[in-house]
Amino acid sequence: MHKGHSLTRRDLLRRGAILVGNTTVFSGLLASCRGATPEASPTAAPAPAALATPTPMTMATPAASPTPAAAAKRGGTLRVAIIGELPALDPQFTTATIAANITWHMFEALFYRDKQFSPKPLLAESYEFTENNKVLTIKLRSNVKFHDGRPLTADDAIASLLRYSKLSGRGRNLFTRVANLDKVDSHTIRFESKEPTGIALNLLSPGRFLHHAEGSC
């Protein structure tokens, strides 16, 4: 049996410190063996925002129906702009369209043209083609008066048409086909043509107005 060495107070303190240090190191190794704390799982992608509920379309309210125009009244003044000055107020004397457009509202002829430009009776009450369209008989409306109150008669119609045959190119064109123009009665006239013609009514439409037999228009 070997004789043991005695321990001093200093030796005990040193060995205790070593033991404590080893314990600390051992604890650190155990922690390392367990592995590092796992990373936090990635954050899930945010849920898409809810789609906004579409606002229902509001239908526009129809505009209120226009108020019916007041009843028509006689009289008053109508102002109309035109492209220039009229060369004359006689549509038989001038070929200017502007004169015809204005005087159509002032004078009346045996026939007018409807929206299809077809001749229709105006101062004529009726008409008839006979003898293979060589004869045109026109009956005038009764109780038609001029501005001075005088009644329209067959004499006025013939005088107006003869003037038309001299002043107007269209009138001359028409009367090259006419063999005779005469009075049947106080309200009836008759054209006798040299040959059948289909343009007579057109050449007796607006611009071929009637006037007093005793004077100019």
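Two strands count as paired if DSSP finds at least two bridges between them. On that basis, a hairpin joins S5 to S6 through two residues.

**Confidence**

Mean pLDDT for the chain is 78. Of its residues, 66% reach 70 or more. Confidence is highest in S4, at 97. Confidence is lowest in helix H1 (residues 9-34), at a mean of 54. Over residues 29-33 pLDDT stays under 50. For that stretch the model has zero contacts beyond four places in sequence. Where pLDDT is low, the predicted coordinates should not be read in detail.

**The sheet**

Four strands form an open sheet in the order S3-S4-S6-S5, and the pairing is antiparallel. Strand S3 (124-130) and strand S5 (178-185) stand at the edges. Each has a single partner strand, so one side of each is left without a neighbour in the sheet. From one strand to the next, the twist averages 15°. Strands of a sheet pair through backbone hydrogen bonds, either parallel or antiparallel.

The table lists the pairings.

| Strand pair | Sense | Bridges |
|---|---|---|
| S3 and S4 | antiparallel | six bridges |
| S4 and S6 | antiparallel | five bridges |
| S5 and S6 | antiparallel | six bridges |

Start with S3 and S4. Thr130 stands opposite Val135 in S4. Ser126 has Lys139 in S4 as its bridge partner. Four residues lie between the strands in the hairpin of S3 and S4. Among them is Glu131, which takes a positive phi near 50°.

Leu136 has Phe191 in S6 as its bridge partner. Val178 is bridged to Ser193 in S6. Asn180 stands opposite Glu192 in S6.

Helix H3 (residues 154-167) lies across S4, S5 and strand S6 (188-193). H3 runs at about 160° to S5.

Pro151 is found in the loop between S4 and H3. Which residues does Pro151 contact, leaving aside its neighbours within four places in sequence? They are Val144, Lys145, Phe146 and Asp156. The C-alpha atoms of Pro151 and His212 are separated by 9.4 Å. These two residues are 61 residues apart along the chain.

**The cavity**

Rolling a probe the size of a water molecule over the atoms shows where empty space is left. The count here comes to one cavity of 30 Å³ or more. About 70 Å³ of space lies in the largest cavity. Its lining has 13 residues. The closest to its centre are Leu136, Phe191, Ser193, Thr197 and Ala200. S4 and S6 are the elements that give two or more residues to this lining. By class, the lining of the largest cavity has eight nonpolar, three polar and two charged residues.

The cavity and the sheet share residues. Leu136 and Phe191 are bridge partners, and both are among the residues closest to the centre of the largest cavity. Ser193, the bridge partner of Val178, is another of those residues.

Note on methods. Residues numbered from 1 in each chain as written. Predicted model: local features only at pLDDT ≥ 70, side-chain atom pairs only at ≥ 80, totals over all residues. Heavy atoms only, no water. Axes fitted to C-alpha atoms, helices over the stretch in contact; angles between N-to-C directions. Contact = heavy atoms within 4.5 Å. 1 Å grid on protein atoms, 1.4 Å probe; cavity = no way out; pocket = protein on both sides within 12 Å on 5 of 7 lines; lining within 4 Å. Points joined across faces, edges and corners; volume = space filled by probe spheres on them. Nonpolar A, V, L, I, M, F, W, Y, C, P; charged D, E, K, R; others polar. pLDDT = per-residue confidence, 0-100.
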